[in-house]
Each structure stands twice: as structure tokens, then as C-alpha cells.
Amino acid sequence: QVQLVESGGGLVQAGGSLRLSCAASGNILKINDMGWYRQAPGNQRELVATITSGGNTNYADSVKGRFTISRDNAKNTVYLQMNSLRLEDTAVYYCNADVRTSSWSRTAYWGQGTQVTVSS
């Protein structure tokens, strides 16, 4: 079993910053790709950013230049630094990890989500 625990969400004024963290624990042999997704009321979950085990990153166009995804493999943790926050960034943010638990098992896991609210 693998669990992802998120932290760092909250209320922030437009133009401000937040840093989200997501730590994985459990039966982990190796974590491949990790990522952040978000879901606003009435919308489907959308990809925000991903990072491979080698450090290659990919961002949604809406967050390029403002958000930075990073990871600490020794801590099994992925981060999302969010700067210049806008009202439209308001959503529940979910972390995701593609985990290798054995030579024959690979599963995607999700965090429980953390609320990010940007106010005017």
C-alpha cells in the first residue's frame, strides 16, 4: 500500500505565493513520474505539471512561468511552487505518483487533495 499526503494549501491574495508538498510513503520500490492536477467546481480535473524521475518537467500553458514543479527523491516528495497566483488558480490540487512497488507491479496513486483559494 502507498499513501500520498499533501500539505501547503490555503487562502492567499492574488499576486501572492504558495508552496504545496506531497510526500509518498509505504511499499515503494521506485517512483517514476509525479505530477500535480487541479479541479475547480464544475470543471474536470486538469493537469498542472509533471516531472519525471530524471527531472524533466512539463507544464500546462496557463501556469508556465508562474509555477515550478520539483522533487526530492530521497524524501519521496514532490513540490509545487506557485507564484503570481490568479483568481482562476482557485481549485483543489491533487498530487499523483506512478509507483513501482515490485518488479511486476506499477500503480498510479493520488493524494486526497488540498484546497487553494485565491482572493482579490
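**Entry 1: Trp110 and its ring**

I began with Trp110, which I found to be partly exposed because its relative accessible area is 37%, a value that falls between the limits of 20% for buried and 50% for exposed. I keep in mind throughout that this is a predicted model.

I then looked for aromatic pairs and found one in the structure. Its members are Tyr37 and Trp110, whose ring centres lie 5.0 Å apart with 65° between the planes, an edge-to-face arrangement.

**Entry 2: Val48**

Next I turned to Val48, which I located in strand S5, spanning residues 46–51. Is Val48 buried or exposed? I recorded it as buried because its relative accessible area is 1%, and the limit for buried is under 20%.

I went on to list what Val48 touches, leaving out residues up to four places away in sequence, and the list includes Trp36, Tyr37 and Arg38, then Asn58, Tyr59 and Ala60, and also Val63, Phe67, Leu80 and Tyr93. Tyr37, which Val48 touches, is also the partner of Trp110 in the aromatic pair. I checked Arg86 too, 38 residues from Val48 along the chain, and the C-alpha atoms of these residues are separated by 14 Å.

**Entry 3: The open sheet and Ser7**

I followed the strand pairing and found an open sheet of four strands in the order S1-S3-S8-S7, with antiparallel pairing. Strand S1 (2–7) and strand S7 (67–72) stand at the edges, and each has a single partner strand, so one side of each is left without a neighbour in the sheet. From one strand to the next I noted a twist that averages 15°.

Which strand is joined to S1, and by how many bridges? I found that six bridges join S1 to strand S3 (residues 18–26), the two running antiparallel, and that Gln3 stands opposite Ser25 in S3.

Beyond its neighbours within four places in sequence, Ser7 is in contact with Arg19, Leu20 and Ser21. Of these I looked at Ser21, which is 14 residues from Ser7 in sequence and 5.3 Å from it in space, C-alpha to C-alpha.

Definitions and conventions
Residues numbered from 1 in each chain as written. Predicted model: local features only at pLDDT ≥ 70, side-chain atom pairs only at ≥ 80, totals over all residues. Heavy atoms only, no water. Buried < 20%, exposed > 50% of the residue type's maximum accessible area, 1.4 Å probe, protein only. Contact = heavy atoms within 4.5 Å. Pairing = 2+ DSSP bridges. Axes fitted to C-alpha atoms, helices over the stretch in contact; angles between N-to-C directions. Phe/Tyr/Trp six-rings, centres within 6.5 Å; stacked < 30°, edge-to-face > 60°.
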